Amino acid sequence: MVDAEITEKGHRRISLFFTKAVILAAFLAISIIYSTFIGSVNIPVSSITAIYLRQLPFIGGYAASGYTATQYEIIVLVREPEVIGAVMVGAALALGGTSVQSVFRNPITEPYIIGISSGATLGAVIALSTNTSIFGAYSVQILAFITSLAVVLGVYFLSFRTGRVPPIYLLLTGIAISLFISAIVGLILFSNLRLQNETFAWLLGSLSGITWQELGLVSLLVILSGFILSTLWRELDALQMGEPHARSIGVNVERTKLLALIITTVGVSAAVSISGLIGFVGLVIPHLGRMLFGGSNRKVIPMSAILGGIFLLLSDDLARTMVHNEVLPVGIITGLIGVPFFMYMLSRISRGSYVS
Amino acid sequence: MNQKLKIIVAVAIVVVVAASAFGVNYYLHKGKLEPVYNMKIMEANGTVDAFNLSTVGGYAYFPAQQNNTWYLSHPLSRIVTLIPSVTATLYALHAYNDVVGVDQYSIYPTPGKNVTVFDLNVGSLPIESIANLTPDVVITTAGGFSNQQINQMVNVLHIPYLVLDPGSISQIENQNNLLGLLTGTSSNAGIINSWMNSNLQNLSKDLGNISAGAEKSVFYYLYPASGGIYTVGPGSFVNQELNIAHLKNIVNISGYPTVSTSYVINATPEYVLLDQYVNQTTLNQSLPGLNAVKEHHVVAVANDTFFTEPNFRIIYSIYWLAQQFYPSNVNLSDVSSFNSYTHLNLAQNPETGVNS
């Protein structure tokens, strides 16, 4: 009798989870379609629909016309990569936040805290100041990616203490190294006034200018990192309970931490390399995921990715439409929305209605 | 192999694999964003003119160029200009009908009804709106926008991107010639250059009796910057304006440097040339100990667009400067009338506003 009740409760919970997941996925799909319909240029719905039909495999060639070549270019080459880019970057940041918060057992950490943002900024500024074309048109992005990885690795190895990497050391080293690199970036910028505009745009974060070419590889890295992190949910859950607990149930703590941080860094660095620094997604979205789906990373990791995608996509829609004929940096919008939400969440924590 | 070494090797492999993936992607797609300095322009009569863009302090990003050369077989007829100096020059050349979009600072001439005005943000191009105008070229200045957006514009949307940044009077005249070639108005460019040279020669005669020792020393206060004052130095066309007006710039750091207050005080300028966006209070607070400030030897620039926009209208700013400092030698009204000299009959007088 009791077993039957437990099984029924379990089924109900699973069914509720799937219902929520399907609703979220549907909302994401609708958001993607909606986002391609809005922009600074007014394109009739019929034309956008025709452009969509035109892109369908096999039957696209038979689709009706009713759009201009310029409208086709704006939708396919400008809006679509930006929209998919927003989903990928949002997902990567949210995944990174979920992973880092579990590793550090700290609700106010985000992926940038381990040096990803400062490393990427350093790479971008070096590429801009030296005007290098070592990686062609994508030199800024690729150098940002590489230096980001290098800085996180540096932080990790500097935090090594007798074969272990205590989270507190990792956290403090990450902050210290980030400040050190910020000083170097400041020095480079101070000596070259012209760089300040471009770097300013980078620091505020922007999804404008993303191309299919760079998006292909970044999407692959983000999806792969999301998949690998999803397979680590048990270990991350155990780490959330504390390292002694994780060890007691057979988790290789150091290996799990290193793997989670590497995978997080690869995914987030790839995303940041094309978007610049977009704040608050990695901090806030994992908490939203936990509020909606409970504490286990089994559900929180995939759902945070979807929530992050939706959040950044809608923020980008606001950035593109808030001021006529202008595109605001999306980092400003995420900050404006993220901070009030974070304060609300803190008040929930203080009332005990939400435990991270 | 010990544990630490294993970790280092594993991490190095991840970094190499990820960086290689980016590199392979680049080499597969051959994405390039290399500046092009050579242009070959075919005029209506079939004559081919070669033009080196470095003679205007510029370069171009052009899709699918051959032998590092941009071939142009017809005059441009849909131009987006995001530099006020170029907008004014195109107007003077009688090529303003070819302008389809301008930035918000292009206020001479007043934009027509068919011209889209873009409100530019720092570092961000309104790509979608620009693409919607299907321009033949986007003309702008160096270092203003993100490489990612420029790449999208050039390599994805195939819109040529021309950077013009003249740093001297001769480069301004070359800019007139280039824009004349691009718009099929070369003869007008020659007339404008003739007007400029004629006025410069007259001014040289008027100021001929001022010996090098009698030249007044000035400091151009552009605006307060972090760590000092933003100003002009040798190598900038503003510095050349000062020299032509027989003024000695106390700054000997090239370009547009930021100098400390002690640097200015130590150089003891006789006069401070105050930009229109800096008020007397700011000057008093920045340089309280400077003799020129104490003695009220301050000349306020009425309209700095004449000083800081490199085009034919700097003739008015040079005469205005000479009139301020050597009133017995020069008067602004000595500038020969643009319309009478050139017969270009501009409806909006290019001189309007130099005094206010």
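## Helix pair in chain A

Val281(A), Ile285(A), Pro286(A), Leu288(A), Gly289(A), Arg290(A), Leu292(A) and Phe293(A) of H12(A) meet Lys299(A), Val300(A), Met303(A), Ser304(A), Leu307(A), Gly308(A), Phe311(A) and Leu312(A) of H13(A) (contact: heavy atoms within 4.5 Å). By class, this contact has eleven nonpolar, three polar and two charged residues.

The axes of H12 (residues 281-293) and H13 (residues 297-321) of chain A come within 8 Å and cross at roughly 125 degrees. The two helices are therefore oblique to each other (angles under 35 degrees are roughly parallel, over 145 roughly antiparallel, 65 to 115 roughly perpendicular, the rest oblique).

## Basis of the model

This is a predicted model: local features need pLDDT of at least 70, and side-chain atom pairs pLDDT 80 or more, while totals for chains, interfaces and linings use all residues. Residues are numbered from 1 along each chain, and side-chain values use heavy atoms, without hydrogens and water.

## Helix pair in chain B

H6 (residues 186-206) and H12 (residues 314-325) of chain B have axes that come within 10 Å and cross at roughly 15 degrees. H6(B) and H12(B) are therefore roughly parallel. Trp195(B), Met196(B), Asn199(B), Leu200(B), Asn202(B) and Leu203(B) of H6(B) make the contact with Ile315(B), Tyr316(B), Ile318(B), Tyr319(B) and Ala322(B) of H12(B). Nine of these residues are nonpolar, two polar and none charged.

## Second largest pocket

Lining residues of the second largest pocket divide into eleven nonpolar, eight polar and three charged (lining: an atom within 4 Å of a pocket point).

Methods. Chains lettered and ligands numbered in written order. Axes fitted to C-alpha atoms, helices over the stretch in contact; angles between N-to-C directions. Helix = DSSP H or I, 4+ residues; strand = E, 2+ residues; numbered from the N terminus. Nonpolar A, V, L, I, M, F, W, Y, C, P; charged D, E, K, R; others polar.
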